[in-house]
Amino acid sequence: MSSPESSAYKATEAAPHDVVRRTEWPLYEIFIRGQHGLSHRHVGSLHAPDAERAMQNARDVYTRRKEGVSIWVVEASKITASSPDDKGHMYDPADDKVYRHPTFFDIPEEVGTM
Amino acid sequence: MYAQMVKSTGEGVRSLDEMDPQERAFQERIDAGGKIEPKDWMPDGYRKTLIRQIGQHAHSEIVGQLPEGNWITRAPTLERKAILLAKVQDEAGHGLYLYCAAETLGVTRDQMTRDLLSGKMKYSSIFNYPTITWADMGAVGWLVDGAAIMNQVPLQRTSYGPYARAMVRICKEESFHQRQGFDIMMKMAKGTAEQKRMAQDALNRFWYPSLMMFGPSDAESIHSAQSMAWKIKMNSNDELRQKFVDLTAPQADYLGLTIPDENLKWNEEKGGYDFSEPDWDEFFEVLKGNGPCSVERLEDRNRAWDEGRWVREAMLAHADKKRAAKLAAE
């Protein structure tokens, strides 16, 4: 996160100070793969100026106790998420397709394990 | 607790019949043990109360680094120093998990930081007390983190998904904090006469401020009733305080230390200890910003923020420059 107001350090050449500064570092979502062959899992988010720094911060914030062996950082604004309003038409159709589950079919006992 | 005296709507709990269909569906989902996620509809009061509560909790973790940071350079051994560093780093992490959770509700990190630095948002009263001896590091871990755990464990089941998930992570780490504190207390309490005296002195000073962490009795509070209906508060303040005393009193016995309360006595009938209330006038004074270290804590946070500004800006400028160079090369 950067400072909320424009910089007091006008002498630096880093950025123009006569314009309103971006107020915060961008938000990154952090995904970590644990040790046991699972996929990456969302663990939280953090602010960082760029992806490299997000990676370093993610290491410090989310893997202080060997929680993972691989980290993905993704800028939050790049993620497209489904909306709760779409829940109905996205997921309800699965309700009447119970035959997609193996337990729908009765297999006679004498056939054995299947 | 780490979030004290959080106000909700102030209107009291409404029955399902009084709610419009949207709010009713929301409340029924919570009643059924469902989770509310960031993009779900939620009542304004729920959102605002949670921002206040999670924000205050996050600020407490961040300001809570200061009393312990005080001893990093003076820890008695290299091992104790490394452990204390790890613990303080955890507290920073806890603050970050919680800020993230609060941000999913639509408040920015900068806004929360500004509100902490200006004194508009509060942090727990406990961090306005000084840590004047090494034994205080023991008392803080044992009592302060112990009291925090009482509240945080049930909050793992809170209705707001991101908050609950942050709590799961925090609880995993918090147990280390309490145990390292108790370990320091054991060492001191079984040490030389002077070490034992220091341990007792730390207990004397931190006992009542620890009891205050739970906040005054809220049996009659409409704010608490609403928060409990929303499942963003899981137990009453008195319940948690009782539980804390019941667990802690035998631990003090084990250490051979005396809890500074002559009314502390096992009550067979209620199956818990009777104990004295802390001085609530003192609590309200501390909340108002008149605690022994209130000014110092806020000054320290403000100085850290101001002096870190050039670093934050330089890193952003560097990132911009690299991005521009990369674009130019493409």
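Is B:K87 buried or exposed? B:K87 is buried, at a relative accessible area of 1% (buried is under 20%, exposed over 50%, partly exposed in between; 1.4 Å probe, protein chains only). The model is predicted: local features need pLDDT of at least 70, side-chain atom pairs count only at pLDDT 80 or more, and totals for chains, interfaces and linings use all residues. Residues are numbered from 1 along each chain as its sequence is written, chains are lettered from A and ligands numbered from 1 in the order in which they are written, and side-chain values use heavy atoms, without hydrogens and water.

Over all chains, 31 salt bridges are found (a side-chain nitrogen of Lys or Arg within 4 Å of a carboxyl oxygen of Asp or Glu). One of them joins B:K87 to B:E68, N to O, at 2.7 Å. B:E68 lies in helix α3 and B:K87 in helix α4 of chain B, so the pair ties together parts 19 residues apart in sequence (helices are DSSP runs of H or I, at least four residues; strands are runs of E, at least two; both are numbered from the N terminus). B:E68 is also buried, at 2%.

B:D218 and B:K233 form another salt bridge, with the closest N and O atoms 3.1 Å apart. B:D218 is buried at 8%, and B:K233 at 18%. In the salt bridge of B:K270 with B:D274, the corresponding distance is 3.0 Å. Here B:K270 is partly exposed at 44%, and B:D274 is partly exposed at 27%. A network of salt bridges links A:R64, A:R65, B:D90 and B:E173.
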